[in-house]
Amino acid sequence: MKFLSALFVFLFLIGCSNSESFTPPADDISEPSFADTTEISPTTEDSVPEITIEGMLQLAGGKVTLGTNDKNFKESERPAMEVVLDYEFYMGIHEITCGEYASVAKKAKLKTFGKCENDSLPLTDITYYDVILFANAKSKLEKRDTVYTYRRAVFDEEKHCTNLEGFAFHADIEGYRLPTEAEWIYAATRAWDIKKSWNNSNSEYKLHPVCSKDPDSAGLCDMAGNALEWVNDWMGKFRDTTITNYVGAPDGGDMGEHVVKGGSYNSSSEEVNPYSRGDVYTVTSSTRAEYVGFRLALGKIPNALWMSNDGHSTASIVTPTANSETVKNFTRTYNAKLAFRNDVSGKINYIDYLDGTLSVKELSNDINAYHPEISPDGNWIAFSTVYEGISGTSSVYVQRLDAEDASEIIKLNVKSAAIPRWHILESGDTAIVYVTDAGNNKEKSAFKAVSTWQVKFTEGKFGTPQKLFDGTYHGGISEDEKIAVSGARLLRARISGKDKIWYNKEQACNVSLAQDGSKRVAFLDFGGETGKKFVGSKYATHQRILIADSTGKLIQTIKAPEGYTFDHSEWSTDGENTNIVATLTNINGAHTKIVLITPIDSSIIDLAEGDELWHPNLWVKKVQKIIPSTEDSAEVDTTFHLDPDSAGMYYNTSGVYTRASILRYKMEILWQYKDTANTVVIGSSRTYRGVNPLLFSEPIFAVNLAVGGTIIHANNDFFHNYILPHYKNLKLLIISIDLDRAGNDGKNSENMFYEAYKSYPGYVYDKNHNYWKDEYPEGLFEATYNSPGPSKTANKHRPTRGFLADVDHGWGEPAVTTDSNWLDENYEIYQSNFNEFAQLLETCNENGITVIGVITPQNPRYKETGAFGRAGQRRSDMPRLIQELADLNITYPNFILMDENNMGNHDYTDDMANDTDHLSEAGAVKLTHRLDSLIKTLDINFTE
């Protein structure tokens with residue numbers, strides 16, 4: 001009760017205010033020792049005892065360099081950035097072993113995976129989220145706080161965790177966690193020694209027991225080899241600066257990418273260095289690989305700093321706690337956006353649930369902004385410089401929601417304007433309703449001395465403001481303009497031109513009028529007598545949302561979750577489904593959460609959490625009501641209607657396929673150009689990044705549907721189920737020939753259509769309808785276009801018809817990641833793949849489709865190795881295998897093998913390469929032009 005009284009006084013006072021060789025850094029390096037006990041010595045106020053923890057090394061912290069200025073390194077690894085670690089922490093001496101995982105899993109009832117050959121081997125083939133669950137479990141077993149929180153865990157059929165909805169990292173908690181990238185580099189570079197690592201020169205391409213190589217001189221094992229290691233950080237850009245207690249990027253951005261460090265048993269010693277941050281392909285939270293494991297760290301990170309890609313560092317980040325699917329369950333659409341004020345930065349933040357990445361974006365401007373509200377079309381956002389309950393001059397601005405340039409801000413040129421609300425006029429025009437002062441409305445004379453106005457806003461320009469009436473009715477105006485409401489001391493309503501005071505003149509604030517035709521009013525109070533009588537019991541200030549009908553009569557109340565009170569409550573509607581969005585205030589008065597509330601059953605879900613989140617506004621795309629004509633209303637509708645929950649839903653944040661976001665846009669392109677394209681590019685990342693469909697000459701019209709990591713099984717499924725049935729004008733198929741990757745049987749994550757497709761409703765829906773082979777359903781492209789997906793991925797693929805333009809980084813080192821002798825053990829698999837490719841050629845031959853198989857250029861320095869390319873295969877075997885492929889032309893004259901690699905004897909220069917086995921945009925220009933020239937020599941009638 002003392003808390004409730006104190007909170008009451010606090011809220012009353014604010015009056016509803018809303019609110020190869022590597023040289024380590026030159027730090028002093030003391031010789032560490034192994035710790036061998038879990039006993040914790042008693043502490044006193046005057047001394048901090050040395051605490052030893054079994055299997056972990058205590059490090060004092062210091063200065064460390066992340067990244068490098070060497071231009072031969074990847075863009076993501078440049079420039080060099082200095083990080084100061086001003087705290088002590090513990091680092092695991094070795095990678096977590098299979099035995100250690102099994103022991104914790106048994107006690108904590110974690111899900112278990114396939115057995116390791118030896119309990120001393122590093123545990124690998126696990127997702128980032130698997131690691132998070134293990135770290136939390138280990139913390140709980142030792143009665144420590146957990147560093148990570150989440151709302152719901154999602155698992156695949158193999159019991160691996162593929163998503164933690166509402167995942168958040170709490171740096172200020174002392175529990176087991178992954179080391180940050182800075183901590184990992186600090187530990188590794190104290191005694192970096194590539195000679196004491198398992199790599200492809202000595203590992204026989206397999207894992208070895210941890211510490212089977214001697215520890216380095218700092219006391220740590222396997223930092224440079226054995227297994228690549230997960231670290232805690234989201235992937236972000238470095239800056240030429242110094243930052244203290246850096247913990248990575250605020251989120252995973254476009255791809256949800258995570259950092260991995262070190263080397264593995266299949267890495268060459270030449271390519272392993274402390275700067276490397278990734279793997280051959282993009283690493284996301286659901287990625288698994290047999291050579292990726294982890295070690296743990298322990299220790300809180302005081303005053304942790306995250307740094308966004310624009311160089312902005314912050315000690316406060318906002319974490320989305322509900323994914324697109326959860327929000328859709330409440331709003332019935334993915335097309336929703338949440339905007340709010342980040343009171344720490346003073347700027348407007350927003351989450352676009354259609355984007356799919358759940359990245360929190362911040363509007364670019366220097367204005368201290370309050371009360372954001374998104375326009376009816378979802379493209380603009382209005383806000384003011386003063387908030388409810390505060391008198392004084394204010395300004396209203398409008399800005400494009402996705403604006404990167406602060407110059408795009410549009411100011412309403414009036415003396416004072418506050419708390420803008422969008423309004424659709426009877427004419428259909430869009431307007432903004434605002435008040436001239438946002439202050440206290442208790443005194444009638446002061447209330448009438450200020451006024452409510454509206455101004456049209458069209459094509460980025462304000463019209464002429466028009467006064468509506470005296471009084472500041474900033475709680476909203478009904479759609480028919482018959483009711484206007486106001487809060488901030490009293491609950492006032494303007495009905496038929498008359499001012500009324502509802503709620504028995506007791507104090508109320510955060511008033512919001514529903515825009516669904518019901519004219520319901522939601523508000524917060526101070527535990528007044530009227531509210532207590534309606535509820536039937538006492539309650540604290542702002543502990544309940546009260547809802548009144550259009551006459552002011554109370555009809556419903558919703559209680560805040562235990563330990564919280566409400567603030568900043570606002571209606572959200574699409575015209576049919578109406579919810580309430582609000583902030584939750586904790587016992588200390590901090591606005592730490594934004595929640596979504598369904599009045600029908602009073603259910604509540606968390607949308608976001610942070611230090612201070614104010615003034616939430618949830619925009620949901622309006623439902624388009626279709627009213628049948630009187631003549632047709634009696635007829636039975638026999639038209640097939642696509643299921644909006646499944647059609648085109650090729651991406652979600654709970655999926656298990658690493659490249660799902662890319663394939664989602666390939667599917668959009670597939671449906672968009674099915675009646676136009678006569679040439680399709682498929683295959684792996686080598687054609688995805690190496691063939692530009694925009695560069696072919698007429699009458700060739702091409703699309704690039706290749707996806708990184710794809711193998712012949714996936715290509716075959718994709719071709720037979722989607723391309724062949726729907727591309728009626730298809731005359732030419734261009735496909736990558738990845739001979740060094742042909743030892744895969746297709747029963748893994750690289751074949752989306754084997755098991756992974758089950759995580760995405762769009763593919764399941766297509767399969768259940770026989771991939772629409774009988775008849776394409778109208779609206780499928782539109783449904784796909786409007787389905788969730790990372791906007792940055794869309795921007796990369798839509799303009800190029802699926803081609804990814806890469807920058808020039810050069811060929812670099814000729815890395816080999818697989819045993820070059822794999823053909824000896826996998827010849828049957830290779831032959832099966834060869835036969836499957838021959839079947840593809842036969843199908844194309846029967847349908848009059850020419851096939852060009854392209855062996856794309858790889859690093860010419862592979863001539864210095866015994867391998868054909870990155871994925872291995874003995875060079876001595878390749879001429880025979882390439883000839884076998886070329887000879888398929890005898891049986892299938894529609895097939896041409898185009899060998900642009902020529903065993904490394906090609907003319908693709910260093911400035912045409914992105915990395916050791918991929919072309920840059922400049923290389924793609926050369927390859928595409930050569931394909932175009934070859935096609936002109938072939939007898940293909942594209943206009944037939």
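## A guided tour, stop by stop

Start by selecting proline 699, which sits in the loop between helix H9 (685–688) and strand S45 (702–704). This is a predicted model, and in it the peptide bond from glutamate 698 to proline 699 is cis, with omega near 10°. Now jump to proline 79, in the loop between strand S2 (63–66) and strand S3 (81–84). Here too you will find a cis peptide bond, joining arginine 78 and proline 79, with omega of about -5°.

**Positive phi**

Next, select lysine 109, in the loop between helix H2 (98–108) and H3. Its phi is near 60°, a positive value in a residue other than glycine. Is lysine 109 buried or exposed? Lysine 109 is exposed, with a relative accessible area of 75%.

Move on to tryptophan 772, in the loop between H11 and H12. Phi of tryptophan 772 is near 60°, again positive in a residue other than glycine. With a relative accessible area of 5%, tryptophan 772 is buried.

**Helix H11**

Select residues 761–768 to bring up H11, where Gly762, Tyr763, Tyr765 and Asp766 are buried. Turn the view to look down the helix axis: the buried residues fall within an arc of 160°, so they line one face of H11. What do the buried residues of H11 pack against? Show helix H8 (660–672), helix H10 (712–726) and helix H12 (780–785) to see their partners.

**The cores**

For the largest nonpolar core, which has 82 residues, begin with Leu66, Val83, Trp230 and Phe294, the members with the most contacts inside it. Helix H3 (residues 128–141) gives the largest share of this core, eight residues. Zoom in on phenylalanine 294: leaving out residues up to four places away in sequence, its contacts include Glu95, Ile96, Leu123, Phe134 and Trp230. Apart from this core lies another, of 69 residues, among them Val703, Leu804, Met878 and Leu885.

**The cavities**

Centre the view on Tyr129, Trp234, Gly256, Ser285 and Thr357, which lie nearest the centre of the largest cavity among its 47 lining residues. About 720 Å³ of space lies in this cavity. Elements giving two or more residues to its lining include H3, strand S10 (228–234) and H8, while the largest share, four residues, comes from S7. Colour the lining by class and you get 22 nonpolar, 21 polar and four charged residues.

The second largest cavity has a volume of about 250 Å³. To find it, select Ile712, Ile737, Asp738, Ala742 and Asn833, which lie nearest its centre among 16 lining residues. H10, strand S46 (732–736) and helix H14 (822–846) each supply at least two residues of the lining, and the largest share, four residues, comes from H14. By class, the lining of the second largest cavity divides into 10 nonpolar, four polar and two charged residues.

**Last stop**

Aspartate 899 is found in strand S50 (residues 895–899). Which residues is aspartate 899 in contact with, leaving aside its neighbours within four places in sequence? Display Ile855 and Ile882 to see them. Aspartate 899 is partly exposed, with a relative accessible area of 27%.

Definitions and conventions
Residues are numbered from 1 along each chain as its sequence is written. This is a predicted model: local features need pLDDT of at least 70, side-chain atom pairs count only at pLDDT 80 or more; totals for chains, interfaces and linings use all residues. Side-chain values use heavy atoms; hydrogens and water are left out. Buried means under 20% relative accessible area, exposed over 50%, partly exposed in between (1.4 Å probe, protein chains only). The arc is that of the directions from the helix axis to the C-beta atoms. Contact means heavy atoms within 4.5 Å. A nonpolar core is a set of buried Ala, Val, Leu, Ile, Met, Phe, Trp, Tyr and Cys residues joined through side-chain atoms within 4.5 Å. On a 1 Å grid over the protein atoms alone, a cavity is a set of points where a 1.4 Å probe fits but cannot get out, and a pocket is an open set with protein on both sides within 12 Å along at least five of seven lines; lining residues have an atom within 4 Å of a point. Grid points are joined across faces, edges and corners, and a volume is the space filled by probe spheres set on the points. Ala, Val, Leu, Ile, Met, Phe, Trp, Tyr, Cys and Pro count as nonpolar, Asp, Glu, Lys and Arg as charged, and the others, Gly among them, as polar.
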